Amino acid sequence: MAEKLLEVVDLKTSFYTGAGEVQAVRGVSFQLEKGEVLGIVGESGSGKSVMAKSIMSLIQSPGKIKQGDITWRGENLLGKSEKQLRAIRGNEISLISQDPMSALNPVVKIGKQMTEVIIRHQRVGKKEAEKRAVDLLGKVGISSPEERLKQYPHELSGGMKQRIMIGMSISCQPELLIADEPTTALDVTIQSQILNLMSALKDKEQMALILITHDLGVVAENCERVLVMYGGLIMEEGPVKELFQNPKHPYTEGLLRSLPKRSNGVKERLVPIQGSPPDLLNPPQGCPFADRCPYVMDKCAELPPYFKVDSERKTMCWLHESEEGDNHE
Amino acid sequence: MNKRKWNGVKRELFKNKYALMAFVLLIVFLIAALFAFLSPFDPNKMSIIDKLQSPNGKHLFGTDEYGRDYFTRVLYGARVSLAVGFLSMIVAVVIGTTVGTVSGYFGGWIDNILMRFVEVLMSIPSFFLMLLLNAYMKPGITTLVLIIGFFTWMEIARIVRSETLSIKEREYVMYAKASGQSSFLTITKHIIPNIAPTIIIAGTLNIATAILMESSLSFLGLGVQQPNSSWGSMLNSAQGYIGEAWHLTLFPGFLILFTVLCFNVLGDVLRVAFEPKGANGEKK
């Protein structure tokens, strides 16, 4: 077994709004090994981004991490001071956000924004930082990098901005890169370029990657292991291939069924998941998916624990209570 | 601040005739004040024989009650008025921006304390407080600048705070934090550049206020002391001769009026030019 890099235990993050407590993340546990690519899928509002921000302690008021432990290379991140966190953010753990258009400051030149990060974490001079920024832009496939450094974000395309963001986030050779829907704001051709770039860089820099997305195709192509999130909880966890071929949780099943298949040329109607996600202001006592689940039972009024399906997979569903280790279909 | 915005300012300036006039007039005042030493007259040299002359070929603005060349005195007065205006604007902008960004960025109890403090200061009629303070301190330009600066920064702080509140929710501010940026650098490198237009506008309007305040204080004899003069103190000494020498009140009075008006017009132009969706329908 490889070295454990990140461990999250029973993380709960809530937002205290005027209407009450919105429980965005309601007890999430997982671990990440060195160099691993972990996919996190789930629909909007399932708590993916909040979880990512919780890992970096970037939750802002009125949000609060209510409970849980986040262990980074053996150290508890939640106990760290703001100053200690600053040394980790951007240096050991980097974040790429959803929208490159808004993640770059519109009134500051690219070069200044890039060198800022480099100077801060690597303690080099301005000249050296600029040289490194040029190297980085070359690495992420941007032509004439020297010129780009002198430009403002609005002078570049979305794909280029996302490349720059990636360049910035790998500038300090982080151990972990959290990509929060890195391709949502880009069109499809650019999407695959960016994903290829990220997986190439991941191999080169030997960093772990958490890829947060709602695009199952992206997960299938890029990840080794995947977490399926729903209603602030992890519904199912397992290696990508097995999980996609043989989903254990009805939610995963529903997700996969709602995707178009191209396999045999037969026209097939897509099956959507009925209903809408649970209200996280008053989350249901039992399984959050119960209202929409085709297999719903009386027992679902109670929150199921995780059942181990085989050595690497677990799922939160009563269907697997009696058949631990068995296959369900 | 980027080039496009400056181009917007330029365009707006040339489009609006009043604005251009205001700008040119201010530049003329500024140059005249700077080169006041070229005047053939000594602003403080008295000559009783020449006293209270009306404007004529030799003395463009006439002479005052001590026979000093009024034109030269007005120019030297412009120096004081403009300098006090600019310097106290800088004091106000520095304090206002610091308080505003800190308050908006950190929020919570820091915000509460700072904003309540601002409200308390705003609720006191500052002019009387200024009079009071001025009475205890040694009158002079430094005192004037500090006092005016200390009593006009609250507006700026409030504007800056509200802008900061909106900017700090932006993705790039979060990203700056995510890449390990300290709060101080996030404020100076990411928030302030974004609210610079607002600060500039508020500052420009603040100059006008400061000049007015300086004039009022000097008029009451609490500003610049003799033999130096500012427009306000000139008005003060002119009031005794208003019947026999109308020009003594006219010139400094009009100069105050025009300068303040010009700064206000200029502030307005800047606001239109910096506004994302300005009068010309231009998008951000």
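How many residues does the contact take from chain B, and how many from chain A? Keep that in mind as you open this predicted model; the tour begins there.

**Stop 1: where the chains touch.** Show both chains together. The contact takes 17 residues from chain B and 23 residues from chain A. Now select α7 (171–178) and α8 (183–219) of chain B: each of these helices supplies at least two residues of the side that touches chain A. If you colour by residue class, the side of chain B that touches chain A shows six nonpolar, seven polar and four charged residues.

**Stop 2: the annotated span of chain B.** Select residues 78–267 of chain B, which an unreviewed UniProt entry lists as "domain: ABC transmembrane type-1". This stretch is 83% helix and 0% strand, with its end C-alpha atoms 20 Å apart.

**Stop 3: the annotated span of chain A.** Next, pick residues 6–256 of chain A, given as "domain: ABC transporter" in an unreviewed UniProt entry. Here you will find 40% helix and 28% strand, and the end C-alpha atoms lie 28 Å apart.

**Stop 4: a sheet in chain A.** Switch to cartoon view and follow the eight strands of an open, mixed sheet in the order β6-β7-β8-β3-β9-β10-β12-β11. At the edges are β6 (93–96) and β11 (307–310) of chain A, each pairing on one side only. From one strand to the next, the twist averages 20°.

**Stop 5: one strand pair.** Zoom in on β10 (residues 233–239) and β12 (residues 313–315) of chain A, which run antiparallel and are joined by two bridges. To finish, select A:E236 and look across to its bridge partner in β12(A), A:T315.

Technical notes
Residues are numbered from 1 along each chain as its sequence is written. Chains are lettered from A and ligands numbered from 1 in the order in which they are written. This is a predicted model: local features need pLDDT of at least 70, side-chain atom pairs count only at pLDDT 80 or more; totals for chains, interfaces and linings use all residues. Two strands pair if DSSP finds at least two bridges between them. Helices (H or I, at least four residues) and strands (E, at least two) are DSSP runs, numbered from the N terminus. Axes are lines fitted to C-alpha atoms, for helices over the stretch in contact, and angles run from 0 to 180 degrees between N-to-C directions. UniProt positions are given in the numbering used here, feature names are shortened, and annotations may be inferred rather than shown by experiment. Two residues are in contact if their C-beta atoms, placed from the backbone, lie within 7 Å. Ala, Val, Leu, Ile, Met, Phe, Trp, Tyr, Cys and Pro count as nonpolar, Asp, Glu, Lys and Arg as charged, and the others, Gly among them, as polar.
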